[in-house]
Amino acid sequence: MPGSTIGIVGGGQLGRMMAISAKYMGFRVGILDPTNDCPAAQVADWHIVSAYDDTLALMELAKRSDVITYEFENVSVEALNNLLPEANIPQGTDLLAITQDRLLEKSFLEANNIVIAPYATIISPTDIQDAIDSLGYPCVLKTTRGGYDGKGQHVLKSRADLAEAMTLLREGTCELEAWIPFEKELSVIVAGNGTEYVTFPVAENIHRNNILYQTISPARIADEVAEEAKRVAIDIAEALQLRGVLTVEMFLTESGSIYVNELAPRPHNSGHHTIESCSMSQFDAHIRGICGWPLAQVESLSPAVMINILGIELQRTYRMIGQEPNWHFHYYGKEKAKVNRKMGHITILTKDIEKTLEEIAQTRIWE
């Protein structure tokens, strides 16, 4: 209930926006993160400065919190398990373990009859050629753990790409996936409280250099495709007895087939627009879910375009604040603006998505 304390492992922008939602609902918020003055700590009640896998620091977080959640999936499962049963972690650690390991994730999805790309497990270089003979070119070699924003993966278009891809095997077991010739990349955010589950509008995602550039909501897809994408997300949530928010990333092919690409056990960059565009934001839904509050069906209040602000674009977006009073500017409070670092985002509510995309292009900020 309000007045209780929510402890968040991780202090980045997702933790920041989680904390803001929690504060609106009357909760106190504590953060565990190794960085002084991290984005989430700027809006929280207190901050434990420590590594994410520091058992003693996590125990202190548990003692000071009524419920614990996390803002990213690379939290130590073993360290969190050490807190149980004393700590209240509504999401549990199984979901974390599944989403930290691509092979475990694929096994879970297959067991629940979710369509995924054909793949093979690669333990040594000698496994690759047999897998390629089966899957064909192009294909993608991925590390099983730790990849994000395109890191930890390499596209193989021919034998010429094999030598460079071999460096990934030094990081451990990999998986080789068949390339899905997708028409669009989609994501569905689903929220649960353990017994009821709701979805947000299906989002269309556009990437540049493997980093999310733009999200369009609702996705420009047929209604029946959107309903199928939501059904898949709900099936996954029910299988997990989800508490909090889960993001299901998907590929849509030209023929209308949907393949699940990966899961993120948390709010997601592609859901930031929900703060303004929906009757409940993904962060509100996450807090409600982990606290066991009921979840209303999500209503879309307006179509929206969300665009990320990376370090190289940060200063240029400041001039738009005075020029675009209807744009919603969000800045994360990060100290250093690095080239590919996410420094903020802008959400634009619109009645004409194509016109808004053209207006964004005309600013020449994201060239």
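The protein chain of this predicted model contains twelve helices and 17 strands. Its radius of gyration is 20 Å, close to the 21 Å that the globule rule gives for 367 residues, so the chain is as compact as a globular protein of that length. Along the principal axes, the C-alpha trace spans about 60 × 50 × 40 Å. Buried residues account for 55% of the 367 residues, and among the contacts with a separation of 6 or more, 61% are between residues 24 or more positions apart.

**Domains**

- The domain assignment divides the protein chain into domain 1 (5-89), domain 2 (118-178) and domain 3 (182-363).
- The centres of domain 2 and domain 3, taken over C-alpha atoms, are separated by 29 Å.

**Salt bridges**

- Side chains of opposite charge can pair when their charged atoms come close.
- The structure holds 14 salt bridges, among them the one in which the side chains of Asp45 and Lys23 meet at 2.8 Å, N to O. Asp45 lies in the loop between β2 (28-33) and β3 (46-49) and Lys23 lies in helix α1 (residues 13-24), so this pair ties together parts that are 22 residues apart in sequence.
- Both partners of that pair are partly exposed, Asp45 with a relative accessible area of 34% and Lys23 at 33% relative accessibility.
- Glu354 and Arg220 also meet through their side chains in a salt bridge, with an N to O distance of 2.7 Å. This pair links distant parts of the chain, 134 residues apart, since Glu354 is in helix α12 (residues 353-363) and Arg220 is in the loop between β12 (211-217) and α8 (223-240).
- Glu354 counts as partly exposed at 47% relative accessibility, and Arg220 is likewise partly exposed, with a relative accessible area of 33%. Salt bridges that share partners join Lys184, Glu204, Arg220 and Glu354 into one network.
- A further salt bridge is formed by Glu367 with Arg364, where the closest N and O atoms are 2.9 Å apart; Glu367 and Arg364 are both exposed.

**Helix α8 and its surroundings**

- Helix α8 has 18 residues and reaches 26 Å from its first C-alpha to its last, which is close to the 26 Å expected at 1.5 Å a residue.
- Its buried residues are Val225, Ala226, Ala229, Val232, Ala233, Ile236 and Ala237. Seen down the axis of α8, these buried residues fall within an arc of 135°, so they line one face of the helix.
- The elements against which the buried residues of α8 pack are α5 (102-111), β9 (182-193), β10 (197-199), β13 (243-253) and β14 (258-264).
- On the face of α8 turned away from its buried side, the exposed residues Asp223, Glu224 and Glu227 are found.
- Just after α8, Gln241 takes a positive phi of about 50°.

- In helix α11 (residues 314-321), the buried residues are Leu314, Thr317 and Met320. Viewed down the axis of α11, they fall within an arc of 100°, so they line one face of the helix.
- The cover over the buried residues of α11 includes β15 (304-310), β16 (327-331), β17 (342-349) and α12.
- Arg316 is also found in helix α11, but this residue is partly exposed, with a relative accessible area of 29%.
- Not counting residues up to four places away in sequence, Arg316 touches Arg364 and Ile365; the Arg364 in this contact is the residue that forms the salt bridge with Glu367.
- Arg316 and Met25, which are 291 residues apart in sequence, lie 34 Å apart in space, C-alpha to C-alpha.

**Ser217 in strand β12**

- Ser217 has its place in strand β12 and counts as buried, at 2% relative accessibility.
- With residues up to four places away in sequence left out, Ser217 touches Pro201, Val202, His273, Pro303, Ala304 and Ile353.

How values were computed
Residues numbered from 1 in each chain as written. Predicted model: local features only at pLDDT ≥ 70, side-chain atom pairs only at ≥ 80, totals over all residues. Heavy atoms only, no water. Domains from an automatic or database assignment. Salt bridge = Lys/Arg side-chain N within 4 Å of Asp/Glu carboxyl O. Helix = DSSP H or I, 4+ residues; strand = E, 2+ residues; numbered from the N terminus. Buried < 20%, exposed > 50% of the residue type's maximum accessible area, 1.4 Å probe, protein only. Expected span 1.5 Å × (residues − 1). Arc of directions from axis to C-beta. Contact = heavy atoms within 4.5 Å. Rg over C-alpha atoms; globule rule 2.2 N^0.38 Å.
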